[in-house]
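Here are some notes to read alongside the model.

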Amino acid sequence: MPSVAANESRNDDPELILLASLLDVAPFVALLKALNGLSDTASIIITKAGIRVEVEYKRALQATAYLANSLFESFVYNPSSESNDTEEEIDEGDTSTEIEINLSILNEALSIYGSGGGFWKRKERNDPDQQEDEDEVRGPLDRFFGRKTAVTSLRMSYIGDGHPLRLILAERAEGPTTVCQIHTLVPERRMGLPFDDEEKIVKIIMRSSWLRDTLAEIDTSCDYVTIICNPPQKVACHGKGPSSRPNDSFFRIDAKTSKGGVEIDFPNDREVLEHFECGQSLKFHYSFDFVHKMIRALAVSVKVSIRIDSEGTMSLQFLMPSGTSKERTTWMEYRCLPREENV
């Protein structure tokens with residue numbers, strides 16, 4: 001990132017906990033835009049593997065945005081044992097540092113030169129997978145990603161407890177730079193909403209645009225949506241023994257509104273569902289308020305993986321566009337609890 005790094009290289013502090021540079025803030029902005037409306041504040045968790053941004057909504061929905069360290073042009077994390085920041089051992093045995101920050105202010109700071117657009121346009125013209133990415137990300141959030149050639153670069157640093165998160169942004173090497181210092185807060189304890197992949201009874205992979213369009217058809221007067229999954233049924237075929245009938249299995253979204261009902265069936269067909277795994281029939285209800293919040297993430301992602309466990313906890317993992325690289329460096333996950341009361 002020449003425009004920022006060249007101006008600031010002399011100010012490198014060996015005591016910095018975080019020092020990271022991005023050539024293009026567009027993928028970072030896309031993730032944060034998808035978190036808008038869930039919470040005023042967000043927890044930023046820094047590890048050697050990268051950065052996680054976590055928010056929660058009404059103690060029943062948890063959204064996490066992941067930025068792998070390979071996304072950054074440079075990424076240096078030096079946890080301080082003397083710092084009062086929240087540091088804990090995560091599953092991978094790596095130390096993490098957590099801070100709380102105002103999500104809206106961070107969004108505005110990163111978008112000071114506009115949201116950037118280079119990340120979404122750097123596609124290989126002859127690559128069908130990249131072309132699919134290009135097609136799938138077009139949606140209601142298109143206005144956030146302008147078709148401009150200039151990109152905004154970022155240098156982000158954090159010293160430690162009591163210090164702000166410092167952002168240096170520049171649009172062109174010969175242009176001005178903007179320095180933003182965002183006040184950090186002591187992180188609040190957030191809910192833990194674990195999901196054990198070994199306990200899942202349903203896993204579905206499909207295009208994000210299809211689920212997005214389905215949810216967009218549901219009127220906002222809807223109180224809850226019902227998700228129903230039916231596994232392939234074993235039937236006896238004369239002379240051939242038991243066999244499965246894939247067409248008997250499906251993924252259904254059912255919603256009742258003041259204007260009527262909406263019932264959408266996605267059959268177990270590879271042209272519709274890229275992957276369908278269902279161990280047993282299930283039926284769970286989810287508040288539409290929670291489900292509707294996922295539309296933003298669906299609008300900026302390519303594919304979505306839906307998993308549901310026996311308790312009804314639902315995990316949606318969103319696959320983001322990969323740019324010029326085949327490596328996936330950003331992704332999102334939403335975890336949602338089912339409604340407790342009978343409906």
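1. A term is needed before the strands can be discussed: two strands count as paired if DSSP finds at least two bridges between them. The model is a predicted one. Strands of a sheet pair through backbone hydrogen bonds, either parallel or antiparallel.

2. Strand β12, residues 200–207, runs antiparallel to β18 and is joined to it by four bridges. Within this pair, Ile204 lies opposite Phe276 of β18.

3. An open sheet is built from four strands in the order β17-β16-β13-β19, with antiparallel pairing. β17 (260–267) and β19 (282–287) are at the edges; each has a single partner strand, so one side of each has no neighbour in the sheet. From one strand to the next, the twist averages 15°.

4. Inside that sheet, β13 (residues 224–230) and β19 run antiparallel and are joined by six bridges. Thr226 is found opposite His285 in β19.

5. How many disulfides does a search of the whole structure find? The count is zero. For a disulfide, two cysteine sulfur atoms must be within 2.5 Å. The closest cysteine sulfur to that of Cys229 belongs to Cys278 and is 5.2 Å away, so the two are too far apart for a bond.

6. Cys229 is buried, at 1% relative accessible area. Cys336 is also buried, with a relative accessibility of 0%.

Definitions and conventions: Residues numbered from 1 in each chain as written. Predicted model: local features only at pLDDT ≥ 70, side-chain atom pairs only at ≥ 80, totals over all residues. Heavy atoms only, no water. Buried < 20%, exposed > 50% of the residue type's maximum accessible area, 1.4 Å probe, protein only. Helix = DSSP H or I, 4+ residues; strand = E, 2+ residues; numbered from the N terminus. Axes fitted to C-alpha atoms, helices over the stretch in contact; angles between N-to-C directions.
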